[in-house]
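Let's take a look at what sits inside this protein and how the chain holds on to it. Have the sequence and the 3D view ready.

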Amino acid sequence: VEPSPTVPVFTLNAYGCQRRTPLLHHNNVLTDALLVLAENAEFNEDEGRSVAFKRAASVLKALPHTVRGMEELQGLPCLGGHSQRVIKEILEEGKSREVEATLQSQQFQAMKALTGIFGVGVKTADRWFREGLRQPSDVVDTGQKLNHTQEAGIRYYEDLNTPVTRAEADAIGQIVEEAVQAVLPGATITLTGGFRRGKPTGHDVDFLITHPEEGKEENLMPKVVSWLDDRGLLLYQKTTRNSYLEAKDGPARPPHNMDRFERCFSIFRLDRPHRRPEQQPQAGGECQAQVGGTLLGQGSEESRDWKAVRVDLVVTPASQFAFALLGWTGSQLFERELRRWAVHEKHMSLSSHALYDSTQNRYLRGSTEEEIFTHLGLEFVPPSERNA
Ligand code: ATP
Ligand code: MN
Ligand code: MN
């Protein structure tokens with residue numbers, strides 16, 4: 001990129017966690033394109049390349065203006081040669097041939113549709129694609145062997161690929177609140193994930209559950225799940241117990257970015273608000289006793305007065321709550337950047353449980369997110385600006 005004295009140079013820090021990234025930004029045309037390439041790299045199991053495109057997109061999201069010329073990119077971090085070529089082509093031609101070709105490709109479209117099934121990862125989708133499968137109905141038609149998660153993923157495919165609204169998230173929140181209060185009075189629930197960052201919709205709803213008195217939260221999840229299940233509110237659930245204390249590889253070093261909290265990946269059966277109030281049944285009146293749907297059919301939309309919604313529940317001890325909150329608020333890239341910053345710039349190891357300082361050989365306490373940012377030598381970034 002040629003230096004140009006007439007263009008005011010706007011600089012940004014290199015790590016996503018050092019920047020403020022709002023939800024709404026000025027460069028959607030460019031970031032959408034780069035994120036298609038990032039997703040395609042993921043489908044090809046090229047994580048390095050995928051992260052490189054995501055970092056480039058993230059830098060553009062943090063800019064306070066719309067990029068109109070390559071000279072405006074001077075001095076910006078994370079914009080590799082490939083990303084710059086894509087940006088240049090879009091600025092000059094209005095679109096990128098590579099992105100267009102990717103969007104048109106059978107592989108990309110099939111991988112997108114198949115990984116859109118809850119419980120189906122890139123490896124399974126890729127195997128299916130190579131066997132000639134292109135869409136979820138092919139999975140059913142060819143009688144693929146499915147685990148319970150994937151069966152639920154197929155059964156509720158339509159609903160789970162319909163964005164969850166904030167109103168639906170709040171309705172789920174009320175149900176979870178009631179369940180938690182019923183089985184452990186004094187416990188609290190906190191909405192995390194994308195909704196905490198201010199997103200108007202999400203692919204799921206994420207909650208942290210804790211109790212101010214350490215230890216009271218132990219084995220809470222099975223009770224919450226039973227309460228919900230007894231009332232027919234769960235279409236699917238998979239509970240994993242807390243494995244933090246028995247971890248042999250050190251609590252701050254969980255495998256990948258998985259944490260070890262007691263958690264539940266679930267699908268809620270959420271009653272829809274009735275669309276025609278004049279036909280609304282009396283309170284406590286007859287509700288359609290329809291359970292589940294047919295495979296991929298889900299029955300006709302009008303006949304169902306409920307929606308399947310993905311919900312993640314996580315139980316955390318009070319002493320780890322701030323770390324869990326920071327770890328579950330996202331965005332995924334923001335989290336990744338926080339951990340990278342901790343390791344490479346601070347010789348620390350950050351997880352959703354704890355922060356370990358390798359220089360002092362000790363864990364650092366954190367009872368608020370602000371304290372954790374201070375330990376990391378970072379300016380506090382509010383959730384609404386963590387949309388990296
Ligand atoms: P969306 O609106 O699409 O749901 P999101 O930001 O809420 O977006 P999620 O996939 O729900 O995305 O994840 C929320 C946060 O929780 C992310 O920061 C992610 O890193 C973290 N997270 C998700 N799964 C796990 C896990 N198994 N262990 C630890 N952290 C996780
Ligand atoms: Mn989420
Ligand atoms: Mn989630």
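## A buried aspartate pair

In this predicted model, Asp204 has a relative accessible area of 5%, so Asp204 counts as buried, the cut-off being under 20%. Asp206 comes out at 9% relative accessibility, and therefore Asp206 is buried too.

Asp204 bridges the two manganese ions, which are 3.6 Å apart.

How many residues surround ligand 1? There are 17, and the closest are Gly194, Arg197, Lys199, His203 and Asp204. Sorted by class, the shell has two nonpolar, eight polar and seven charged residues.

A backbone N or O atom of Gly194 lies 2.8 Å from an oxygen atom of ligand 1. Arg263 puts a polar side-chain atom 3.4 Å from a nitrogen atom of ligand 1, while a backbone N or O atom of Gly330 is 3.3 Å from an oxygen atom of the ligand. On its own, ligand 1 exposes 620 Å², and the protein buries 85% of that.

## Where the shell comes from

Helix 11 (193-196), helix 13 (321-329) and helix 14 (332-346) are the elements giving two or more residues each to the shell around ligand 1. Domain 3 (164-276 + 290-319) and domain 4 (322-385) each supply at least three residues to that shell.

Terms used
Residues are numbered from 1 along each chain as its sequence is written. Chains are lettered from A and ligands numbered from 1 in the order in which they are written. This is a predicted model: local features need pLDDT of at least 70, side-chain atom pairs count only at pLDDT 80 or more; totals for chains, interfaces and linings use all residues. Side-chain values use heavy atoms; hydrogens and water are left out. Donors are N, O and S atoms within 2.8 Å of the metal (3.2 Å for Na, K and Ca); water is not among the atoms, so sites may look incomplete. Buried means under 20% relative accessible area, exposed over 50%, partly exposed in between (1.4 Å probe, protein chains only). A residue is near a molecule or strand if one of its heavy atoms lies within 4 Å of it. A polar contact is a pair of N or O atoms within 3.5 Å; within protein, one must be able to donate a hydrogen and the other to accept it, and residues adjacent in sequence count only if both atoms are side-chain atoms. Accessible areas come from the Shrake-Rupley method with a 1.4 Å probe; for residues, only the protein chains shown count as cover. Helices (H or I, at least four residues) and strands (E, at least two) are DSSP runs, numbered from the N terminus. Ala, Val, Leu, Ile, Met, Phe, Trp, Tyr, Cys and Pro count as nonpolar, Asp, Glu, Lys and Arg as charged, and the others, Gly among them, as polar. Domain bounds come from an automatic or database domain assignment.
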